[in-house]
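Colleague: I would like to learn how to read helix packing and pockets in a protein model. Could you take me through one, step by step?

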Amino acid sequence: MISVEEALKTILVNFRPLGLEKINILEARGRVIGEDVFAPRNIPSANNSARDGYALRCADIKDASREKPVKLKIIEDIPAGTLAVKKIKKGEAARIMTGAVLPEGADSVVHQEDTMKEGKTVIVYTSAEKSENIRFAGEDVRTGDLVVKKGSALRPADIGMLAALGRAFVSVYQKPRVAIMSTGDELVDIEIEPPPGKIVNSNSFSLAAQVMECGAIPIMLGIVKDKKTDLREAFKTALHADLMISSGGVSVGDFDFVKNVMGEIGNAMHFWRVAMRPGKPLAFGAIEGVPLFGLPGNPVSSMVSFEQFVRPSLLKMQGHKKIFRQTIQAVCNDEFQKNPGFRHFIRAVVKKEKDRYVAITTGDQGSGILKSMVAANGLIVIGEEETRIKKGSEVTVQLLDDSLFRSESLQL
Ligand code: AMP
Ligand code: MG
């Protein structure tokens, strides 16, 4: 048996980012970009107006005010998207819309609200500084700037930047294809009302959802009987995937054959059993170079093991650098006693109370009690060496989602 830390190390050295693929930027949100993107041009491309108003020479309205307005001749209209044909000379102005390129000769733009149009002239009620209301060429991005860095997970703002620079396609790390198999003679498919002694295969679905949450692609290989030949067949079918996950059959039961079959096929098992609860019976190895996680069958164990080991691996395969869940410190509402040697993960709901976080355990912690996982947004992590957690003491909580940082309504 190895520690969670050792298991993670042993697992993660086997994973590196998959190859790159070119995709449309509309599909690229959340993906990790595999190239540095440099700006091929300035944004904005030319000096332009930040307002609807009048482009003019600030010297012409130097002393203008409500009491001493200045009259200028309107020589042209410049809507956005068109270019001026005339140059602004002394005593002249051009009507200009936001985003339109500044005409030659103008060095300032006056807000429409500070003017009044009178036929072919405009009365200006204010003075202006040089460069007022002008957006300069390259003030956002200069040609050659590094705008999106290789290795960043793309967010909407990055997608907008890529679009602004005319990049419709980018290279991102591929999504891993993950084959999911659930082993167990007791399992029936979701559409079947389970007869006595049977249960619905729910693990395949929770695992598929976890795989998708990591940005990877689940491939549902269904239920596999607790027979060595069936297991071998299933693993063979899964060899085209980037990663295989099985659930069940890794414990010490008479029909727990996953680790035996892994061992038989090319001596493929790296380790079996991790010092954690839930999730002790975990087997990790590779078959013909394809990594395989033999997760435990109990619904909570399978999900918790996925969280600790499969999720970081899948994120690493997609080029992510931040591959671990966020942890926070919270005050625990419960007390625990345990033997040393094992790391415990206790399902809890974490809430913010005034200026601190509070972790409330979600009831029965049995590894088959899926309800306690449904209610949880975090896992209290109790270290190997700890034996006693007192009520009210501070604990580390691994967050399973970002619900803690979202609010239901505006706090007015
Ligand atoms: P095992 O690790 O194969 O001994 O499975 C332990 C327990 O987990 C079984 O007795 C089932 O109750 C449950 N279990 C195993 N596989 C699944 C599954 N695919 N979906 C739901 N529960 C399962
Ligand atoms: Mg089983």
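Modeller: Gladly! Let's begin with a pair of helices: the crossing of helix 3 and helix 6 is right-handed. Please keep in mind that this is a predicted model.

Colleague: What describes two packed helices?

Modeller: In general, the angle between the two axes and the distance between them are what describe such a pair. Here, the axes of helix 3 and helix 6 cross at roughly 25° and come within 10 Å. Angles under 35 degrees count as roughly parallel, so helix 3 is roughly parallel to helix 6.

Colleague: At what angle do helix 1 and helix 6 pack?

Modeller: Helix 1, residues 4–12, packs with helix 6 at an angle of about 30°, and their axes are 10 Å apart. That makes helix 1 roughly parallel to helix 6. The crossing of helix 1 and helix 6 is right-handed.

Colleague: Now to pockets. What is the volume of the largest pocket, and which residues lie nearest its centre?

Modeller: The largest pocket holds about 790 Å³ of space. Its lining has 27 residues, with G30, E213, R311, L315 and H320 nearest the centre.

Colleague: How does the lining of the largest pocket divide by class?

Modeller: That lining has 12 charged, 10 nonpolar and five polar residues.

Colleague: And the second largest pocket: what is its volume, and which residues are closest to its centre?

Modeller: The volume of the second largest pocket is about 660 Å³. It is lined by 39 residues, and P296, G297, N298, S301 and S367 are the closest to its centre. By class, this lining has 18 polar, 14 nonpolar and seven charged residues.

Colleague: Which element gives the most to that lining?

Modeller: Strand 24 does, with four residues. Elements that each supply at least two residues include helix 6, strand 13 (177–183) and strand 23 (336–337).

Colleague: Which domains is the protein divided into, and which of them supply at least three residues each to the lining of the second largest pocket?

Modeller: The division is into domain 1 (4–16 + 175–317), domain 2 (20–42 + 140–173), domain 3 (48–134) and domain 4 (327–405). Domain 1 and domain 4 each supply at least three residues to the lining of the second largest pocket.

Colleague: How far apart are the C-alpha centres of domain 3 and domain 4?

Modeller: Those two centres, of domain 3 and domain 4, lie 64 Å apart.

Key. Residues are numbered from 1 along each chain as its sequence is written. Chains are lettered from A and ligands numbered from 1 in the order in which they are written. This is a predicted model: local features need pLDDT of at least 70, side-chain atom pairs count only at pLDDT 80 or more; totals for chains, interfaces and linings use all residues. Side-chain values use heavy atoms; hydrogens and water are left out. On a 1 Å grid over the protein atoms alone, a cavity is a set of points where a 1.4 Å probe fits but cannot get out, and a pocket is an open set with protein on both sides within 12 Å along at least five of seven lines; lining residues have an atom within 4 Å of a point. Grid points are joined across faces, edges and corners, and a volume is the space filled by probe spheres set on the points. Ala, Val, Leu, Ile, Met, Phe, Trp, Tyr, Cys and Pro count as nonpolar, Asp, Glu, Lys and Arg as charged, and the others, Gly among them, as polar. Domain bounds come from an automatic or database domain assignment. Axes are lines fitted to C-alpha atoms, for helices over the stretch in contact, and angles run from 0 to 180 degrees between N-to-C directions. Angles under 35 degrees count as roughly parallel, over 145 as roughly antiparallel, 65 to 115 as roughly perpendicular and the rest as oblique. A crossing is left-handed if the near helix is turned anticlockwise from the far one by less than a right angle, and right-handed if clockwise.
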